[in-house]
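Please keep the sequence and the structure in view while reading.

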Amino acid sequence: RDKPELVEKHPQQVNALRRLESSLPLQGFEVQEKRYEWHVRVPILILVYKSSSYELQVDISIGEADHEDVAKGEVDRMIQAALNKAPVALPMVLLVKRWAKIEGLNKAYEKTLSPLAWTLLCLFFLIRQKVLPSDALAEASQTDAPKREPEELCRHCPKKEVLADFFSMVCALGTRSRQNNQGPCGIRVLPAQECYGEVSD
């Protein structure tokens with residue numbers, strides 16, 4: 001049970017998520033994680049649906065806006081539209097997010113990058129590589145995301161050289177700010193003075 005002072009910042013959202021949690025079907029869904037603490041900007045209930053053939057993680061949050069004057073879900077629809085513009089985009093995002101989860105580098109409240117941040121970095125990289133157009137995030141998708149079969153995702157997986165270039169870019173964002181000692185803090189994926197992407201067989 002959460003301490004009252006930990007949920008005082010957003011009690012309505014937390015109470016709604018708890019009601020949802022208590023009414024989940026007995027079959028299929030499992031609660032993987034609850035982020036209701038005071039330091040979390042948006043309370044989230046993380047569920048996992050398991051069947052005999054696949055496993056699906058679902059993050060549920062409650063609120064009227066993602067940020068000031070940004071409707072709830074608008075950012076998701078913009079990202080969805082960008083992912084639909086290049087076959088490699090979704091497989092790359094899934095790979096990078098999976099890597100970040102395995103390495104424990106996907107929790108913003110622990111001072112690492114959030115899954116959303118990793119997604120946006122992937123899209124930024126693909127825009128820099130001219131795989132996606134520069135206005136890939138300009139418009140939100142108005143339709144449901146198309147179903148992508150595993151075989152299709154594997155067929156369009158990024159090559160290891162592309163992934164190495166991506167991580168080199170991410171590391172460079174951190175080294176650039178350290179060298180110039182100006183501007184934003186940048187990103188530091190590993191606690192090392194220098195970081196380079198390498199391709200290995």
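Three strands make up an open sheet in the order β1-β2-β3, with antiparallel pairing, where two strands count as paired if DSSP finds at least two bridges between them. β1 (29-35) and β3 (55-61) stand at the edges with a single partner strand each, so one side of each is left without a neighbour in the sheet. This is a predicted model, in which local features need pLDDT of at least 70 and side-chain atom pairs count only at pLDDT 80 or more, while totals for chains, interfaces and linings use all residues. Residues are numbered from 1 along each chain as its sequence is written, and side-chain values use heavy atoms, with hydrogens and water left out.

**Sheet and the helix on it**

- Neighbouring strands of the sheet are turned by 20° against each other on average, direction ignored; axes are lines fitted to C-alpha atoms, for helices over the stretch in contact, and angles run from 0 to 180 degrees between N-to-C directions.
- Six bridges join β1 to strand β2 (residues 44-50) in the antiparallel sense, and K34 stands opposite L45 in β2.
- Helix α2 (residues 11-22) packs on the sheet and touches β1, β2 and β3, its direction making about 20° with that of β2; contact means heavy atoms within 4.5 Å.
- Helices (H or I, at least four residues) and strands (E, at least two) are DSSP runs, numbered from the N terminus.

**Nonpolar cores**

- The largest nonpolar core has 26 residues, and those with the most contacts inside it are L83, M92, W118, L121, L126 and F166; such a core is a set of buried Ala, Val, Leu, Ile, Met, Phe, Trp, Tyr and Cys residues joined through side-chain atoms within 4.5 Å.
- At least two residues of this core come from each of α3, α4, α5 and α7 (160-180).
- Beyond its neighbours within four places in sequence, M92 is in contact with C122, F125, L126, P158, L163 and F166.
- A second, separate core of six residues includes V14, Y36, L45 and L47.
- In helix α3 (residues 74-83), I79, Q80, A81, A82 and L83 are buried, and what covers these buried residues includes α4 (89-102) and α5 (115-128).
- Buried means under 20% relative accessible area, exposed over 50%, and partly exposed in between (1.4 Å probe, protein chains only).

**Salt bridges**

- The whole structure contains six salt bridges, each defined as a side-chain nitrogen of Lys or Arg within 4 Å of a carboxyl oxygen of Asp or Glu.
- One of them joins E21 to K34, with the closest N and O atoms 3.2 Å apart; E21 lies in helix α2 and K34 in strand β1, so the pair ties together parts that are 13 residues apart in sequence.
- E21 counts as partly exposed at 22% relative accessibility, and K34 as partly exposed at 41%.
- E30 and K50 also meet through their side chains (3.7 Å, N to O), linking strand β1 with strand β2 across 20 residues.
- A salt bridge between E152 and R148 (3.2 Å, N to O) pairs E152, partly exposed at 25% relative accessible area, with R148, which counts as buried at 18%.

**Confidence**

- The mean pLDDT of the protein is 79, and 76% of its residues reach 70 or more; pLDDT is the predictor's confidence in each residue, from 0 to 100.
- Over residues 3-7 pLDDT stays under 50, and the model has eight contacts for them beyond four places in sequence.
- Over residues 190-197 pLDDT likewise stays under 50, with nine contacts beyond four places in sequence.
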